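The sequence and the model are shown first.

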Amino acid sequence: MSTRNKPSSSTTPHNTLKVDTFTCVWCGLTVSAFAGDGTRRNHCPSCLHSQHVLDHVEGGPGDCHGRMSPISIAVLRTGDWMVVHRCVRCDELTSNPVCADDNQLILMRMAVRPLAQPPFPLEAFGTL
């Protein structure tokens, strides 16, 4: 994600319209920084890539600014899905909540990859 956010003010005095955007570091799409439900997003809903702008070890802004590549899906005990990202520059791992408008095809491809390419033959379960 680019750190170039373009905030705008509200169109009416009673409603605040949030129009922060960022440009995806992978596909170049201009993306709203807020998902449809109003939660803040930090990855592109089209390709799921983001930019490494936070230092999760030290807590606060980071200096890396590398591209965060989506590598996996984690499912929490609550049933919520998280996208696991790895920085291509420093290899730091992060996880971020899946948004309702994220690319469902890419999410499912990442979720089923371990079953489609297991580290051992699945025929071993036939003898159990």
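## Basis and conventions

Helices (H or I, at least four residues) and strands (E, at least two) are DSSP runs, numbered from the N terminus. The place of Ile73, for example, is in strand β4.

The model is predicted: local features need pLDDT of at least 70, side-chain atom pairs count only at pLDDT 80 or more, and totals for chains, interfaces and linings use all residues. Residues are numbered from 1 along each chain as its sequence is written, and side-chain values use heavy atoms, with hydrogens and water left out.

## The sheet

Four strands make up an open sheet with antiparallel pairing, in the order β3-β4-β5-β6. Two strands pair if DSSP finds at least two bridges between them. The edges are β3 (50–51) and β6 (93–97), each of which pairs on one side only. Strand β4 (residues 67–75) runs antiparallel to β3 and is joined to it by two bridges; Ser50 stands opposite Met68 in β4.

Seven bridges pair β4 with β5 in the antiparallel sense. Across this pairing, Pro70 stands opposite His85 in β5, and Ala74 stands opposite Met82. The two strands form a hairpin with five residues between them, and Gly79 in the turn has a positive phi of about 95 degrees.

β5 also pairs with β6 in the antiparallel sense, over five bridges. Here Met82 stands opposite Pro97 in β6. This hairpin too has five residues between its strands, and Asp91 in the turn has a positive phi of about 70 degrees. β5 is mostly covered, with five of its seven residues buried (under 20% relative accessible area, with exposed over 50% and partly exposed in between; 1.4 Å probe, protein chains only).

Contact means heavy atoms within 4.5 Å.

Ile73 counts as buried because its relative accessibility is 14%. Not counting residues up to four places away in sequence, Ile73 touches Trp81, Met82, Val83, Leu107, Met110 and Ala111. Ile73 and Ala111 are 38 residues apart in sequence, yet 5.6 Å apart in space, C-alpha to C-alpha.

## Nonpolar cores

A nonpolar core is a set of buried Ala, Val, Leu, Ile, Met, Phe, Trp, Tyr and Cys residues joined through side-chain atoms within 4.5 Å. The largest has seven residues: Phe22, Cys24, Val31, Ala33, Phe34, Cys44 and Cys47. A second, separate core has five residues, among them Leu48, Ile73, Leu107 and Met110.

Cys47 touches Cys24, Trp26, Cys27, Pro70 and Ile106, not counting residues up to four places away in sequence.
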